[in-house]
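Trainee: I would like to learn how to read a protein model, one feature at a time. Could we go through the features together?

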Amino acid sequence: MNRNSMTYRWGSWILTGLIFAAACWFLSQWQFARADQVHKNNLLVAKNYDAVPVPIEALIKPTDSWNPDLEYRVVSVSGNYLPKTTLLVRNRPLDGNPGFLQLVCFKTDSGNYLWIERGWLASGAKKELPDSIPQVDGKSRKLVLHLRKGEKDNGLSAPIGQLSNINLLLAGKDLPVTKTYLQAYARLKTETPELSRGLALGKPELSEGNHLSYAFQWIIFGLMALGAVGWNISQDRRIRAGQPIRKLKILNRDKDAEIEDQILDEKD
């Protein structure tokens with residue numbers, strides 16, 4: 001083997017190993033960044049979920065853009081439900097059971113409109129509707145709520161009186177745009193006086209996910225690639241020098257294992 005061909009081969013191995021290791025490094029940093037973002041989001045939700053209620057208009061108005069820092073923030077409103085606006089949001093399973101969310105528009109005392117999620121309803125015998133849908137009235141009430149971001153249009157159709165998701169533009173198409181919260185809806189926490197409602201959804205699970213473990217795995221993969229390049233170059237050099245190649249010992253066998261193998265060999 002001439003030196004030029006050997007240098008070319010080693011160079012290609014090193015270049016490939018470095019490119020792969022660099023890719024692994026960037027992927028690990030991406031996972032670290034995702035882990036950091038998830039951690040920050042979890043801290044925000046935990047802080048907002050148990051915060052002291054403040055009037056909704058002190059934080060966000062109908063014409064404002066959605067602020068991600070308001071996710072699950074506790075707010076209060078006074079006003080009355082609009083019974084004829086009741087909608088059901090389809091395909092909302094809970095603990096493996098099919099069901100719906102009830103969405104009802106609420107008119108605040110300041111004249112704004114806010115969609116309220118009033119709980120989960122199990123699918124009924126006919127599957128297309130709950131067996132019973134809680135009714136609301138137009139009496140004056142004070143609500144304590146968790147703010148949530150509205151959902152983007154998913155392009156799916158739904159029967160009259162239902163939505164395929166919480167698309168507030170579609171839900172509020174007959175309401176005045178400048179007075180309707182189209183960027184956010186609210187999950188009901190408490191209401192005074194109380195009405196019958198669906199099952200209240202609990203605090204979200206704040207899992208950190210597997211991003212950190214994936215990040216460390218990518219780093220290990222990169223180091224393994226560089227180690228493999230070094231090992232192959234070392235073997236190549238031994239072959240060139242006429243020396244026997246090294247065997248890779250994957251497992252260090254202890255004394256007992258060697259004795260067991262010896263006994264089996266004698267039996268044969």
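This is a predicted model: local features need pLDDT of at least 70, side-chain atom pairs count only at pLDDT 80 or more; totals for chains, interfaces and linings use all residues.

Trainee: With which residue does the ring of F106 pair, and how are the two planes set?

Mentor: A pair of aromatic rings is described by the distance of the centres and the angle of the planes. Rings of Phe, Tyr and Trp (its six-membered ring) pair if their centres lie within 6.5 Å, and planes under 30 degrees apart count as stacked, over 60 as edge-to-face and the rest as tilted. By this rule there are four aromatic pairs. One of them joins Y49 and Y72, whose centres are 5.8 Å apart and whose planes stand at 50 degrees, so this pair is tilted. Y49 belongs to helix α1 (residues 3–49) and Y72 to the loop between β1 (54–55) and β2 (74–81), 23 residues apart, so to speak of a link between distant parts of the chain is fitting; helices (H or I, at least four residues) and strands (E, at least two) are DSSP runs, numbered from the N terminus. Both Y49 and Y72 are buried. As for F106, its ring pairs with that of Y81, with centres 5.2 Å apart and planes at 85 degrees, so the pair is edge-to-face. Y81 lies in strand β2 and F106 in strand β4, 25 residues apart, and Y81 is also buried, at 0% relative accessibility.

Trainee: Where is N112, and which side chain does its own side chain meet in a polar contact?

Mentor: A polar contact is a pair of N or O atoms within 3.5 Å; within protein, one must be able to donate a hydrogen and the other to accept it, and residues adjacent in sequence count only if both atoms are side-chain atoms. N112 sits in the loop between β4 (99–108) and β5 (113–122), and its side chain joins that of E57 in a polar contact of 2.7 Å. N112 is buried, with a relative accessible area of 9%. Contact in the wider sense means heavy atoms within 4.5 Å, and, leaving aside neighbours within four places in sequence, the residues that N112 contacts include F106, K107 and Y181.

Trainee: What does T85 reach with its side chain?

Mentor: The side chain of T85 reaches the backbone oxygen of L82 at 2.6 Å. T85 lies in the loop between β2 and β3 (87–89), and T85 is buried, at 19% relative accessible area.

Trainee: How many disulfides does a search of the whole structure find?

Mentor: A disulfide is a covalent bond between the sulfur atoms of two cysteines, and the search counts a pair of cysteine sulfur atoms within 2.5 Å. The search finds zero disulfides. C24 is buried, with a relative accessible area of 1%, and C105 is buried, at 0%.

Technical notes: Residues are numbered from 1 along each chain as its sequence is written. Side-chain values use heavy atoms; hydrogens and water are left out. Buried means under 20% relative accessible area, exposed over 50%, partly exposed in between (1.4 Å probe, protein chains only).
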